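Biologist: I have some quick things to ask about this one. Can we go through it together?

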Amino acid sequence: MAFDLRAIITERQGENYDLHHKYVNRTLAKVLGTIGFDKVYARAEGSYLYDMDGRDYLDFLSGYGVYNMGRNHPVVRKAIEDVLSLDLPNMVQMDCALLSGLLAEKVVEITPPHLDACFFANSGTEAVEGAFKFARAATGRTRILSLSGAYHGLSYGSLSATQNAQFQEGFGPFLPGVEKVAFNDVADLEAKLKQGDVAAFIAEPVQGKGVHIPDDHYFPAAQDLCRKYGALFIADEVQTGLGRTGKLFGFQHWDLEPDIVTMAKALSGGYVPCAAIVTTRKIYQGVFSRLDRCVVHSTTFGRNNLAMASGLASLEVLQSENLVENSRVMGEKLMDGLNNLKARHDLIKEVRGKGCMIAVEFQQPRSLKLKMAWKAIHKVNQELFAQMVVSSLMANHRILTHVAGHNMDVVKLLPPLIIGQQEVDRCVQAFDNVLSEVTKFPGPMWEFGTNLVKTAIGQKRQKQTAQA
């Protein structure tokens, strides 16, 4: 019998969550059902997902920042189809393939002039792992510094630099020599750098968990300190890169010149995983320093043709469709619209971000009745209120967002960089309606919040029982 994938999908569509409960991550499947995210999406295009009944869902999650150019972009799809039709040799390994050379040329072209060497990997966490190895090899030093609140990935080296207790719980001990630096604290960074054994300081230009941005002086000062004490500065652009913040790279907001840049996510075009480490030739050769070390750092799938084609097409789309500028313009309009809601909704504490990487942070309301409800829900879990908002945006407005991080009253927005005024208006109106519903106590949103509280309490009891 011939293999017919289209027929299989048609026949089995709708079994998604049962299959994942049985064979994949049943905890995730349960969570998605609890918060009302257990949708079955049948199609995707641009800024939208569509369920089996054809209803649209505005995608302001973008696969955690993968879909900068929107979902199923025809230019990227055509590039993949072309590669397949050419029957090119792929992953010969003992060769230098054309497509990886072409993508490296293009990546070097769009980064600062001093960055002239490129290594390809499969994911952001793998790029970060490689960057640590490059830094240690180039400097002969061992220590790595990262900021409090940082997220750099979940494999061991990158998890060691991910300064977040929820992600690290149960997985220690971690990579020795990786230390935390207080966020936005130049003095703390210098105190650790001056010990003289730091290989690199790594930072996200805008922190993904919470969308936190340091004071304007911080990164220029941090870069100067790295130069002073001989440490390398690594810019983790896995999420912020390729237009997400309204600049091609986040570090450009401060005119920085990092020694190593990591990128991934949007480089894939949403089709084939693709990541890159971009650095100087001198640092690069610190790794591949002898003929017998020509493959001392390698990855089987890193330079595969489909990924390279996706990367080339994605960069072409970003430039030809002027998506970096659109990210800046539409991001400002979205932030302005959300900020205008603050006059009507005292629940909004702050709207912050750059480009199409935006956070809405909430605070305790002034109303005595709502204040009591707020305090009650926060005694159980610090992020449940934000989850109420996220779930209501989905249930009542079909907008996909997410809570910005553990124990945060923050909803994060990562729309595709292709959004226009229609998508901005839909999002702002939805927030207005949801926050208006919050003031109705008791009401549907607080009933949903009560269910979340019961679930959270049940989870705590299960954890306590397991530990006992």
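Biologist: In the hairpin of E2 and E3, which residue takes a positive phi?
Modeller: Gly54 does, with phi near 85°. Four residues sit between the two strands of that hairpin. A word on the basis: this is a predicted model, where local features need pLDDT of at least 70, side-chain atom pairs count only at pLDDT 80 or more, and totals for chains, interfaces and linings use all residues. Residues are numbered from 1 along each chain as its sequence is written, and side-chain values use heavy atoms, with hydrogens and water left out.

Biologist: In what sense do E2 and E3 pair, and over how many bridges?
Modeller: Strand E2 (residues 48-51) and strand E3 (residues 56-59) pair in the antiparallel sense, over three bridges. Strands here are DSSP runs of at least two residues, labelled E and numbered from the N terminus. Two strands pair if DSSP finds at least two bridges between them.

Biologist: What is the bridge partner of Leu49 in E3?
Modeller: Tyr57.

Biologist: And in what sense does E3 pair with E13?
Modeller: Parallel, over two bridges, with E13 covering residues 399-400. Asp59 has Leu400 as its bridge partner in E13.

Biologist: Cys96 and Cys118, buried or exposed?
Modeller: Cys96 is exposed, at 77% relative accessibility. Cys118 is buried, at 13%. The cut-offs: buried is under 20% relative accessible area, exposed is over 50%, and partly exposed is in between, with a 1.4 Å probe and protein chains only.

Biologist: Now rings. How many aromatic pairs does a search of the whole structure find?
Modeller: It finds 16. Rings of Phe, Tyr and Trp (its six-membered ring) pair if their centres lie within 6.5 Å; planes under 30 degrees apart are stacked, over 60 edge-to-face, and the rest tilted. One of the pairs is Phe201 with Phe233, stacked at 5.9 Å centre to centre and 15° between the planes.

Biologist: Where in the chain are Phe201 and Phe233?
Modeller: In distant parts, 32 residues apart. Phe201 is in strand E7 (residues 198-203), and Phe233 is in strand E8 (residues 232-236). Phe201 is buried at 0% relative accessible area, and Phe233 is buried at 2%. Another stacked pair is Phe249 with Phe251, at 5.5 Å and 5° between the planes. Both are buried, Phe249 at 0% and Phe251 at 1%.

Biologist: Which residues do ring pairs link into a cluster?
Modeller: Phe201, Tyr218, Phe219, Phe233 and Trp254.

Biologist: What lies over the face of Tyr50?
Modeller: Arg43, at 4.1 Å from the ring centre. Arg71 lies over the face of Tyr67, at 4.0 Å. The test is NZ of Lys or CZ of Arg within 6 Å of the ring centre and within 35 degrees of the ring normal.

Biologist: Last one. Where is Thr279 found?
Modeller: In strand E10 (residues 275-279). Thr279 is buried, at 0% relative accessibility.

Biologist: What is Thr279 in contact with, leaving aside its neighbours within four places in sequence?
Modeller: His114, Leu115, Asp116, Ala117, Phe134, Asp259, Ile260 and Tyr284. Contact means heavy atoms within 4.5 Å. Thr279 and Phe134 are 145 residues apart along the chain, with 9.1 Å between their C-alpha atoms.
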